[in-house]
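User: I am new to this structure and would like to learn how to read it. Could you walk me through its features one at a time?

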Amino acid sequence: MKYGLLVNENNSNIGDDIQSYAAARFLPRVDVVVNREKLDVFKLGDGREPVALIMAAWFMWRKFHMPPSRQLIPLLVGYHHYDRDTDPLKNAYAIPIYRELYDGIGGQWFKDFGPVGCRDLYTTEVFKEKDIPCYFSGCVTLTLPKQPETKDKGTYVVFVDLNKDVESKIRAMIGNKYKIINVTHTTENIKGASWEERKKRVEKYLTLYQNAKYVVTRRLHVSLPCLAMGVPVMCIQSKTMNDPNRFEPYKKWLHFCNNNEFLAKGYDGFDFINGTPNKNDYLETRNNLIKKIEDFVSYCEKNKDKSLTFFSKISYTRLQEYRWRTSFMRSILDRTHVEAKAMQTQLRELLNNK
């Protein structure tokens, strides 16, 4: 038995690595990094040894890389499905795949290894629509431990990717009470970096949040880590969030409002001078998720000398899988061609009207 760590290698959002960091804590070791965007072509050694993988993440830009390699033995928790926008101009860089990857063999893979633990309520709706057993597991970042204390603990406030008007309003409330540290989760893309390098970068961010008086953000993967670490956090959602569905049921677990609400009337539930303790609504989900992951790792360790056949639950043949992949890709390529022509026509019209 080997242990894989799911990583989005070509990425400029530190939130993805924070999820990987949370999953890595449960593993006896990290034997191999598994690229989230190339799951179907994953192969370690001769492909015969089982590789356990906690599949907790946002899935995914390259949806044609499903279902995953037969060598991977997944724990499906913290899974988030992202729906590509049906307007081709809004997602012009993405191949037009919506929910078709859960049909046929694609869906059967999830049924074989399910039920699917979903990161949010929207994702549970997607799987229920496809008759794939699922449940709300919460996000793996809810399991994070506290980070070390630093000498400047409680002397500063952290803003993460806030709307500028929101930021100005809170600065006026704080005055000179605290130092304000402004950071972003849009980071340098460190494609090709080792997991140890990524881990150090994550710990730098988490330690900064851990020692803040409080944190204000629009980011899910700032809000949930702060909940887990016991850091007072206020989430003020921005219109620019590409996928607001990710915040259910977390809205009711957080001190939460949107930009317009905050700018119009503020938020009475959070003290911007002293900070306000977080709610404890998330604790049951955190504890259940920790147990689920620990049980999975314990099962793998108990049977670590068993073959891939022992762990695999795949119910379809390789021939059936290849036929499904061929049909799936043909249909997607046909749609891509249609969309490309439509976009070309719209572009010509725009140019002619200038």
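**Reading the structure step by step**

Analyst: Leaving aside neighbours within four places in sequence, Val 215 is in contact with Val 158, Val 160, Tyr 209, Val 222, Cys 226, Val 231, Pro 232, Val 233 and Met 234; contact means heavy atoms within 4.5 Å. Please keep in mind that this is a predicted model, where local features need pLDDT of at least 70, side-chain atom pairs count only at pLDDT 80 or more, and totals for chains, interfaces and linings use all residues. Residues are numbered from 1 along each chain as its sequence is written, and side-chain values use heavy atoms, leaving out hydrogens and water.

User: Which residues have the most contacts inside the largest nonpolar core?

Analyst: In soluble globular proteins, nonpolar side chains tend to be buried together. A nonpolar core is a set of buried Ala, Val, Leu, Ile, Met, Phe, Trp, Tyr and Cys residues joined through side-chain atoms within 4.5 Å. Buried means under 20% relative accessible area, exposed over 50%, and partly exposed in between, with a 1.4 Å probe and protein chains only. Here the largest core has 59 residues, and those with the most contacts inside it are Ile 54, Val 158, Leu 206, Tyr 209, Val 215, Tyr 250 and Ile 293. Helix H6 (residues 220–229) gives the most to this core, seven residues. Helices (H or I, at least four residues) and strands (E, at least two) are DSSP runs, numbered from the N terminus. A second, separate core of 34 residues includes Met 66, Ile 132, Tyr 316 and Ile 332.

User: How do I read a sheet, and what is the strand order in the open sheet of five strands?

Analyst: Two strands pair if DSSP finds at least two bridges between them. The order in this open sheet is E10-E9-E11-E12-E13, with parallel pairing. At the edges, strand E10 (179–183) and strand E13 (255–258) each pair on one side only. Inside the sheet, strand E9 (residues 156–160) and strand E11 (residues 214–217) pair over four bridges in the parallel sense. Our Val 215 returns here, as the bridge partner of Val 158. Helix H4 (residues 164–174) packs on the sheet, touching E9, E10, E11 and strand E12 (233–237), and its direction makes about 170° with that of E9. For such angles, axes are lines fitted to C-alpha atoms, for helices over the stretch in contact, and run from 0 to 180 degrees between N-to-C directions.

User: How many aromatic pairs are there?

Analyst: Rings of Phe, Tyr and Trp (its six-membered ring) pair if their centres lie within 6.5 Å; planes under 30 degrees apart count as stacked, over 60 as edge-to-face and the rest as tilted. The count comes to 24 aromatic pairs. Phe 59 and Tyr 79 are stacked, at 4.4 Å centre to centre with 10° between the planes. Both Phe 59 and Tyr 79 are buried. For contrast, the planes of Phe 247 and Phe 256 stand at 50° with the ring centres 5.7 Å apart, so that pair is tilted.

User: Is helix H2 mostly enclosed or open, and why?

Analyst: Seven of the 10 residues of helix H2 (residues 104–113) are buried, so H2 is largely enclosed by the rest of the structure. Among these buried residues are Trp 109, Phe 110 and Phe 113, which also belong to one aromatic cluster with Phe 59, Tyr 79, Tyr 102 and Phe 127.
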